[in-house]
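Hi,

Here is the structure I said I would pass on to you. Have a look at it first, then read my notes below.

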Amino acid sequence: MIENLEKLRKEVLEAVESAKSLDEIEKIRVANLGKKGTLTAIMKGMGKLSAEERPKVGAVANTVREDITNSIEQKFSKIKKALDDKKLKAEKIDISLEKHSIIYGHEHPLMKTMKELEDLFVSMGFSVITGPEIESVENNFDALNSPEDHPSRDMSDTFYIDKTTLLRTHTSPVQVRAMKKYGAPIKMVSPGRTFRFDDVDDTHSPMFHQIEGLVVDEGISMADMIGTVNIFIKSFLGEHIETRWRPHYFPFTEPSAEVDVTCHYCDGEGCKACSMTGWSMELLGCGMVHPKVLQNCGIDPEKYTGFAFGMGIDRIAMVKYGISDLRLLFDNDNRFLNQF
């Protein structure tokens with residue numbers, strides 16, 4: 001029996017050494033160490049041995065089992081490591097490849113303009129206050145002294161959700177909310193998205209961005225408004241920029257005005273872009289806050305006066321960067337955006 005054990009050890013060790021795969025190793029293990037394996041069968045025959053032979057054969061059998069088990073485990077680990085190394089090599093990622101093809105993002109000209117506007121007004125003592133884009137008809141129209149028959153209230157001009165709720169047409173409702181909450185005095189700007197039923201062209205979009213300002217305090221006059229607007233325009237667009245004030249009508253301000261700025265292409269000399277007028281598109285609207293608006297917001301119009309102004313951030317960006325078509329700001333064309 002000892003001879004059979006030694007022969008088995010030799011044959012199994014040679015078979016393990018020549019094995020090329022994990023499957024082969026597993027078959028060798030099962031064939032020799034399994035419940036029906038060769039070594040197991042030899043061990044079962046020990047019951048027929050004499051009392052003197054049994055310990056000797058048992059010691060050899062244990063040594064053979066240990067040698068075969070160690071050999072199988074070592075070979076299994078060797079083949080497994082070779083397979084893992086091969087897999088790692090095949091799946092290796094060289095992070096140094098194409099390092100120059102990485103495209104770094106940057107601020108969109110529209111968002112950059114909005115941030116610059118906020119920073120400028122904060123430096124002038126304004127607070128930045130935001131509000132919801134879904135508004136009540138009360139805050140969007142009624143509190144702002146908008147008459148029932150005003151064109152902006154039409155379904156053809158405004159996106160209504162229901163009879164009392166809509167997508168805000170300007171950021172003025174934020175001013176209403178702020179006056180109701182904080183009262184007077186107040187000095188604030190309200191930036192954000194607004195929505196109107198406009199056809200898309202080079203200067204219009206159904207979704208656009210606005211920033212509106214409000215100052216309410218005792219003794220506020222037109223002079224304060226004109227001075228503030230002029231300081232803002234020259235600080236933001238350049239000291240060389242001139243302004244032109246035209247009378248206008250807004251239901252929430254009285255008196256009201258629109259402000260034009262000199263053409264950014266010709267600096268007021270006259271060119272095709274400004275139809276030889278020297279003036280660019282209307283930049284902003286403004287006026288003294290209507291007493292009814294103050295009253296609607298719980299502020300005493302006999303004690304307080306104020307002015308408000310509003311402008312499209314999209315148009316400001318167009319003037320600042322010389323952009324001729326509003327649609328370029330929303331097309332996401334990298335050929336355009338990479339210029340900034």
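Let's start with a pair of strands: β6 (207-217) and β10 (305-312) run antiparallel and are joined by eight bridges. Within that pairing, Ile211 stands opposite Met311 of β10. Strands here are DSSP runs of E with at least two residues, helices are runs of H or I with at least four, and both are numbered from the N terminus. Two strands count as paired if DSSP finds at least two bridges between them.

Before going on, a word on where this comes from. The model is predicted, so to speak of local features we need pLDDT of at least 70, and side-chain atom pairs count only at pLDDT 80 or more, while totals for chains, interfaces and linings use all residues. Residues are numbered from 1 along each chain as its sequence is written, and side-chain values use heavy atoms, with hydrogens and water left out.

Back to β6. It also pairs with β5 (residues 186-195), again in the antiparallel sense, over ten bridges. There, Met188 has Leu214 of β6 as its bridge partner. Is β6 enclosed or open to the outside? Nine of its eleven residues are buried, so β6 is largely enclosed by the rest of the structure. "Buried" means under 20% relative accessible area, "exposed" means over 50%, and "partly exposed" is in between (1.4 Å probe, protein chains only).

Now zoom out. The protein chain has eleven helices and ten strands, and 41% of its 340 residues count as buried. The C-alpha trace spans about 125 × 45 × 40 Å along its principal axes. The radius of gyration is 42 Å, whereas a compact globule of 340 residues would have one near 20 Å. (That radius is taken over C-alpha atoms, and the globule rule is 2.2 Å times the number of residues to the power 0.38.)

Asn62 sits in helix α4 (residues 53-91) and counts as partly exposed because its relative accessibility is 48%. From Asn62 to Ala178 there are 116 residues in sequence and 89 Å in space, C-alpha to C-alpha. Ser324 is in the loop between α10 and α11, and it counts as exposed because its relative accessibility is 51%. Its C-alpha atom is separated by 54 Å from that of Lys89, 235 residues apart along the chain.

Next, the pocket. Rolling a probe the size of a water molecule over the atoms shows where empty space is left. How much space lies in the largest pocket? About 1100 Å³. It is lined by 46 residues, and the closest to its centre are Thr169, Arg196, Gln210, Phe250 and Glu282. (On a 1 Å grid over the protein atoms alone, a pocket is an open set of points where a 1.4 Å probe fits, with protein on both sides within 12 Å along at least five of seven lines; lining residues have an atom within 4 Å of a point. Points are joined across faces, edges and corners, and the volume is the space filled by probe spheres set on them.)

Several elements supply at least two lining residues each, including α7 (172-182), β6 and β10. The largest share, seven residues, comes from β9. By type, the lining has 19 nonpolar, 19 polar and eight charged residues. (Nonpolar covers Ala, Val, Leu, Ile, Met, Phe, Trp, Tyr, Cys and Pro; charged covers Asp, Glu, Lys and Arg; the others, Gly among them, are polar.)

There is also an open sheet of three strands, in the order β2-β4-β3, with antiparallel pairing. Its edge strands are β2 (134-136) and β3 (160-162), each pairing on one side only. Three bridges join β2 to β4 (residues 165-167), and Ile134 has Leu167 as its bridge partner in β4.

Most residues other than glycine have a negative phi, and most peptide bonds are trans.

- Ala184 and Pro185 are joined by a cis peptide bond, with omega about 5°; Pro185 is in the loop between α7 and β5.
- The peptide bond from Glu254 to Pro255 is cis too, with omega near 0°; Pro255 lies in strand β8.

- Met276, at about 65°, is in the loop between β8 and β9 and is exposed, with a relative accessible area of 58%.
- Asn332, near 60°, is in the loop between α10 and α11 and counts as exposed at 57% relative accessibility.

Cheers
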